[in-house]
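The sequence and structure are shown first.

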Amino acid sequence: MASAVAQGGTRLLVLLKGVAQVIFQANPWTGLVFLVALFAGGWQFGAFGLLGTVVATLTAHLLGVSWDERVSLGLEGFSGTLTGVGLVLYLEPRPMTVLLVIFGAIAGSVLSSALTVLLRPYGLAASTAPFCVITTVMVVGGSAFSRVWAVHASTPAPSAAAPGTGLSWTYLWQGTLSGVGQVFLQDQWYVGLIFLAGLVLAGWRLGVIALVSSLAGLLTGWLLGAQAADLGAGLYGYNSVLTGIALFGTFVVATPASAVYALIGVVAAAGFSAGIGNLFAVAGGHTLTWPFVLVTWVFLAAVPMFSRIRRV
Amino acid sequence: MASAVAQGGTRLLVLLKGVAQVIFQANPWTGLVFLVALFAGGWQFGAFGLLGTVVATLTAHLLGVSWDERVSLGLEGFSGTLTGVGLVLYLEPRPMTVLLVIFGAIAGSVLSSALTVLLRPYGLAASTAPFCVITTVMVVGGSAFSRVWAVHASTPAPSAAAPGTGLSWTYLWQGTLSGVGQVFLQDQWYVGLIFLAGLVLAGWRLGVIALVSSLAGLLTGWLLGAQAADLGAGLYGYNSVLTGIALFGTFVVATPASAVYALIGVVAAAGFSAGIGNLFAVAGGHTLTWPFVLVTWVFLAAVPMFSRIRRV
Amino acid sequence: MASAVAQGGTRLLVLLKGVAQVIFQANPWTGLVFLVALFAGGWQFGAFGLLGTVVATLTAHLLGVSWDERVSLGLEGFSGTLTGVGLVLYLEPRPMTVLLVIFGAIAGSVLSSALTVLLRPYGLAASTAPFCVITTVMVVGGSAFSRVWAVHASTPAPSAAAPGTGLSWTYLWQGTLSGVGQVFLQDQWYVGLIFLAGLVLAGWRLGVIALVSSLAGLLTGWLLGAQAADLGAGLYGYNSVLTGIALFGTFVVATPASAVYALIGVVAAAGFSAGIGNLFAVAGGHTLTWPFVLVTWVFLAAVPMFSRIRRV
């Protein structure tokens, strides 16, 4: 009995770690706070995010992925979390979306293992690429299917309602916080603040890097002349947050040289957001975390050429 | 004299095996039946398919690809077969199309060797990727060239003439057979039946897997709300047929666990068809066997992570 | 004092070699003539090309890329050269473009190192891929940013002003020379002639290969029915020039067999130009040297399969 409770507790921890791994943390408390933040953003984000985490983790476990090296650390859950959140955001909460999240998490789990094998010779991880691929394919493919498709007009860019490039103080501070929340596709500043709290639980330095990266991404967008409402919604910050944390301390040893290196990556991720966004918009796709994934892969793959930068 | 006849016979066998390798078989009788099916679909499909097979095989042989390991098994022919069929379908039978098939088969042969080298560290094969690349580039690129371009309106989706999502019994059984024929881009159910017969010649289990996979692909499309006429034409089945055969017995050891694994791949390939189709339609491209190629690469690459699944 | 002058001289040599490496030469005199050609095409091409070369080379050096194996040979400069020329062509000479070239050269330098690591197991080089990626992302992404965007109508296809497919003698000889100049995105025949002179400085055979390849590319376009004014501007020649030089003598041992092999590549690069061009035009992108990069990677990767062809 006690053993069954303990086992149930272990399983719950694995799921919470899965949510936390969206930002590279194996800390269940961080995962719990992230989950609270998702529910604060809307019941559907919490519920579908959890569904994706459960299905992805379970798929990996049933197929026989190593428990000690992968599953128990939450490494098989986070792409499922984001797939659940992403699909419910772009396809609305409906019975068909439940089915798509389940299948998307299963397929994403296989894709995650495939990328792990393919990228291993280069010391790279699958990261959130499975989420990006599955969500892009399902949202773009959705238009062919009458039972799936929800009008994209339901999620217009924030700038559609308030055009203009004048950056106010409110846009600046809200956008910096929203940039943290947009890692989970949430655009409210107070939701971003809860995510930030979860991150600080895992280490206050992480909170600092997240805020600095989000601000740097926002300023990059502003410098280029992006719409202020999009900046205020954190759309130029979240890929920078992930890139900053990945390149400074998590996968690259933190030094003054790597701080500059990470900052270049942070700016590249923000600038790249627009390029990717425009390219995908042609076919009805979304930016997601593609800029983070691609920029971070490039910046990590390049490290062996640089005597000044070292991998962790 | 007898020796020359024997040699000519060997060469013919290699070509027939090349056609059979479209569905992973090195059986010349299967290839012969497949060729009959192509001619039953239309003289141009048989003629251009054969032309592609000859040119691709000859190119590989002249460049010095290993006879024993590759050419004699038909492994250098099948992408040429499909390139011939694909180009004559989308660009019509014209003198310029003959030239394009010849050059496409030559370039596809080089691409096939390149992919063989690039994918070898992961134990993956080029599969029909060269056909997909060459045909996509030539059809998309065609619009720039006044002498190449044939109006795509000549090959509209079947659903354009008969819209609606109500799946009749006729659509169901015809679509399941057409799904086998669409592997060679043929949409008549009786042509699909001849292909099925060729497959059964190589092993009755292959026929069962093909039918089950085709049906599973069709039902996936129906569940998602695809147009019934497209389902009836086998458009959601052929990538599933190839994926099912590849993942159950051909490249993965057939077990109860791998049956489930293959079924996930079969469903993924059918669902993916829509995503890829919409993405490529933007630029005037076609779905071809891209979903099979990408899904099968992912599902095969992932195997080393799974203790329950084993490669052949 | 003398030492400082010598050191300054060494640095200048590295930059000139960087410009020369656009066409695989480590010859500073060739680089000097190429630079003169760029200025002959327009002050902005010379100035922005030089800026890109300096920033890319400096970035690599500061990050600690090997001086002897890479930086001193100009291998860290040439993608920056092209990025500078490409961005000023498509985004006009403005203060924001200066910033974009600087950042593009920095990010391109990191991408160049990443590709070097990723492609090393296959014996392939990054080539001009970093230029293609950075320029595509920045030009496509530009439309999201009010301060970056310059109307693309400022660089229409030459055929827009003079439609028709009749190839005159003037188009033929001018197009063959322009094909050499378009390697640096220059469309004047006399600018192409200066580039040719620079190439001949490094070896007269290179000049012959460049002219033959450019002509072969032009004739491929003509055979397919391309617009004559585009042929005359060298748009079907430059990817062939780079492919021809790469595949005949530079990376592949020059033999009668490899001459045929290179010619197939040269024709493929010309034909591919249209496919890539149409695909990218959908999102506002440009052909750049994508066809050369992709075709050459494929033709080099395939070599180990062919007993008749050998890598240098």
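## Charged pairs within the chains

A salt bridge is taken here as a side-chain nitrogen of Lys or Arg within 4 Å of a carboxyl oxygen of Asp or Glu. The model under discussion is predicted. By this criterion A:Glu76 pairs with A:Arg70, their closest N and O atoms lying 2.9 Å apart. A:Glu76 has a relative accessible area of 4% and A:Arg70 one of 16%. Because buried means under 20% relative accessible area, A:Glu76 counts as buried, and A:Arg70 does as well.

In chain B, a salt bridge joins the side chains of B:Glu76 and B:Arg70, with an N to O distance of 2.9 Å; both residues are buried. In chain C, the salt bridge runs between C:Glu76 and C:Arg70, again with 2.9 Å between the closest N and O atoms. C:Glu76 is buried at 4% relative accessibility, and C:Arg70 is buried with a relative accessible area of 16%. Over all chains, the structure holds 3 salt bridges.

## The interface of chain B and chain A

At this interface, 30 residues of chain B are in contact with 31 residues of chain A. The area buried between the two chains is about 2,600 Å², and carbon and sulfur atoms account for 75% of it. On the chain B side, the residues that lose the most area to chain A are B:Tyr122, B:Leu224 and B:Met305, which together make up 27% of what that side buries.

The count of salt bridges between chain B and chain A is 0, while 4 residue pairs are in polar contact, both residues being at pLDDT 80 or more. Three elements of chain B give two or more residues to the side that touches chain A: helix H9 (204–224), helix H12 (256–281) and helix H13 (290–301). H12(B) gives the most, with 10 residues. By class, this side of chain B comprises 22 nonpolar, 7 polar and 1 charged residues.

## The interface of chain C and chain A

Here 31 residues of chain C are in contact with 30 residues of chain A. Chain C and chain A bury about 2,600 Å² between them, with 75% of that area on carbon and sulfur atoms.

On the side of chain C that touches chain A, the elements giving two or more residues are helix H3 (43–63), helix H5 (95–119) and helix H6 (129–141) of chain C. The largest share, 12 residues, comes from H5(C). The residues on this side divide into 22 nonpolar, 6 polar and 3 charged.

## Relation between the copies

Terms used. Residues numbered from 1 in each chain as written. Chains lettered and ligands numbered in written order. Predicted model: local features only at pLDDT ≥ 70, side-chain atom pairs only at ≥ 80, totals over all residues. Heavy atoms only, no water. Contact = heavy atoms within 4.5 Å. Buried area = accessible area lost by both parts, 1.4 Å probe. Polar contact = N/O pair within 3.5 Å; in protein donor to acceptor, adjacent residues only side chain to side chain. Helix = DSSP H or I, 4+ residues; strand = E, 2+ residues; numbered from the N terminus. Nonpolar A, V, L, I, M, F, W, Y, C, P; charged D, E, K, R; others polar. Buried < 20%, exposed > 50% of the residue type's maximum accessible area, 1.4 Å probe, protein only.
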